[in-house]
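Trainee: I have a new model to look at, and I would like to learn how to read it. Could you go through it with me?

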Amino acid sequence: MSRLIDVENLTLQFDTDEGRITAVDNVSFSLEAGEVMGLVGESGSGKSVTAKSLMKLNPRNAIYGPDTKITLHLEDGPVDVMSLQTDAEMKIVRGGSISLIFQEPMASFAPAISIGDQMVEQLMIHTDFSKAQSRELSVEMLDRVGISDPGTRFGQYAFELSGGMRQRAMIAMALSTKPKLLIADEPTTALDVTIQAQVIDLMKDLVTEFGMGIIFITHDLGVIAQTADKVAVMYLGKLVEQGSVRDVIRRPAHPYTRGLLAALPTLDDIDAPLTPIPGDIPSPLERPSGCVYHTRCQEVIGARCSVEAPQFMTVDTNHAAACHIHDANEGAA
Ligand SMILES: Nc1ncnc2c1ncn2[C@@H]1O[C@H](COP(=O)(O)OP(=O)(O)OP(=O)(O)O)[C@@H](O)[C@H]1O
């Protein structure tokens, strides 16, 4: 596998009427081509804004930290995403090498333009294809994502398709430009479980076929277990744990990840009570001092947790967590 993207020290703040908030705090991760990374965390943890940063898609009130560095590795050489300025430069990361799909496909399609015309337009912006070639490829992609009678669907409008079909059409549109990286922001949340499983299978097939990388954003660790190779867990703008899906789910190293897993229902014992993480995620205007999770943590080890921000520590090969517990364990060993 070859390196696809490096995110180093991503820090992102927003100026709001209430003051400046920190939405992402010094986040670093990498992704290889052909790899699926799950980005997980409760609502407001900063998953979406992290993903949008890779395309420099955040609004005008966004302020990136001076040490933020995002490098996209393309065949022609590395692209320094933060230095992209003009619309022409942005095209590299917006719909070109990186595609984004959302939870709500209606938001991706203009209501008064047919699905096919939108697909063709996007291809003509991002590739050298003629209109006829773009049409041919679009119908082929609709077919590829399992839409029956793709020639007819090509001429239809978003409202004429069922929810599952719209989701597939959005995936077809996102993949038609053959992006190197697909960012899927809660793409299956609004779907019923059978269609959700089909869409997940389809995305996995496409990763293998196109060799692209996927960042799959969700609040659901169950979906991550089915889809991803590795996982990064976020809490209040901080990355708190990352590692292979197997390691993180079998041996969660951060109390927050343990909390998320304990909150999942299990079919083995349907009478077992669910244990939600106590309390609410604090407002980003009132970020706790020390470890941002200490106000809700069930495993606080002392005053240190509320004073000192924990560093990322390796707990196993390719598995790291930012929690003082591991420091304390090391000291005891
Ligand atoms: N344009 C903006 N201006 C001000 N604050 C913003 C802006 N966009 C996002 N935020 C804030 O940044 C924080 C992270 O938001 P983000 O949407 O990334 O969370 P998330 O983890 O994706 O949540 P969800 O699962 O609900 O989508 C939140 O506190 C949010 O209110």
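Mentor: Gladly; we will go from the whole chain to single residues. This is a predicted model, in which local features need pLDDT of at least 70, side-chain atom pairs count only at pLDDT 80 or more, and totals for chains, interfaces and linings use all residues. Residues are numbered from 1 along each chain as its sequence is written.

Trainee: How many helices and strands are there in the protein chain?

Mentor: Helices (H or I, at least four residues) and strands (E, at least two) are DSSP runs, numbered from the N terminus. The protein chain has 13 helices and 13 strands. Its radius of gyration is 21 Å, close to the 20 Å that the globule rule gives for 333 residues, so the chain is as compact as a globular protein of that length. That radius is taken over C-alpha atoms, and the rule is 2.2 Å times the number of residues to the power 0.38. Along the principal axes, the C-alpha atoms fill a box of roughly 65 × 50 × 45 Å.

Trainee: What share of the 333 residues is buried?

Mentor: A residue is buried if 20 or more other C-beta atoms lie within 10 Å of its own, exposed if 12 or fewer, and partly exposed in between, with C-beta atoms placed from the backbone. Buried residues make up 39% of the 333.

Trainee: What does the largest nonpolar core look like, and which residues have the most contacts inside it?

Mentor: In soluble globular proteins, nonpolar side chains tend to be buried together. A nonpolar core is a set of buried Ala, Val, Leu, Ile, Met, Phe, Trp, Tyr and Cys residues joined through C-beta atoms within 7 Å. The largest one here has 82 residues, and Ile-215 and Phe-216 have the most contacts inside it. Helix 7 supplies the largest share of this core, eight residues. Two residues are in contact if their C-beta atoms, placed from the backbone, lie within 7 Å. Leaving aside neighbours within four places in sequence, Phe-216 is in contact with residues including Val-36, Leu-39, Ala-184 and Ile-224.

Trainee: Where is helix 7, and how many residues has it?

Mentor: Helix 7 covers residues 163-176, 14 residues in total, and reaches 20 Å from its first C-alpha to its last, close to the 20 Å expected at 1.5 Å a residue. That expected span is 1.5 Å times one less than the number of residues. Because 13 of its 14 residues are buried, helix 7 is largely enclosed by the rest of the structure.

Trainee: Which residues of helix 5 are buried?

Mentor: An α-helix has 3.6 residues a turn, so residues three or four places apart point the same way. In helix 5 (residues 131-144), the buried residues are Ser-134, Leu-137, Ser-138, Val-139, Met-141 and Leu-142. Their cover includes helix 4 (115-126), helix 6 (150-154) and helix 7.

Trainee: Which residues come nearest to the ligand?

Mentor: A residue is near a molecule if its C-beta atom, placed from the backbone, lies within 6 Å of it. Of the 16 residues around the ligand, Phe-14, Ala-23, Ser-43, Ser-48 and Val-49 come nearest. Strand 1 (3-16), strand 2 (19-32) and helix 1 (47-53) each give two or more residues to this shell, and helix 1 gives the most, with three. By class, the shell has six nonpolar, nine polar and one charged residues. Here Ala, Val, Leu, Ile, Met, Phe, Trp, Tyr, Cys and Pro count as nonpolar, Asp, Glu, Lys and Arg as charged, and the others, Gly among them, as polar.

Trainee: Is Gly-46 buried or exposed?

Mentor: Gly-46 counts as buried, with 24 C-beta neighbours inside 10 Å. Its place is in the loop between strand 3 (36-40) and helix 1. Beyond four places in sequence, Gly-46 is in contact with Ala-23, Val-24, Met-234 and Gly-237.

Trainee: Where does a positive phi turn up in a residue other than glycine?

Mentor: Most residues other than glycine have a negative phi. Lys-56 has a positive phi near 50°, and lies in the loop between helix 1 and strand 4 (62-64). Asn-318 also has a positive phi, about 50°, in the loop between strand 12 (313-316) and strand 13 (319-321). Lys-56 is partly exposed, with 18 C-beta neighbours inside 10 Å, whereas Asn-318 is exposed, with 11 other C-beta atoms within 10 Å.
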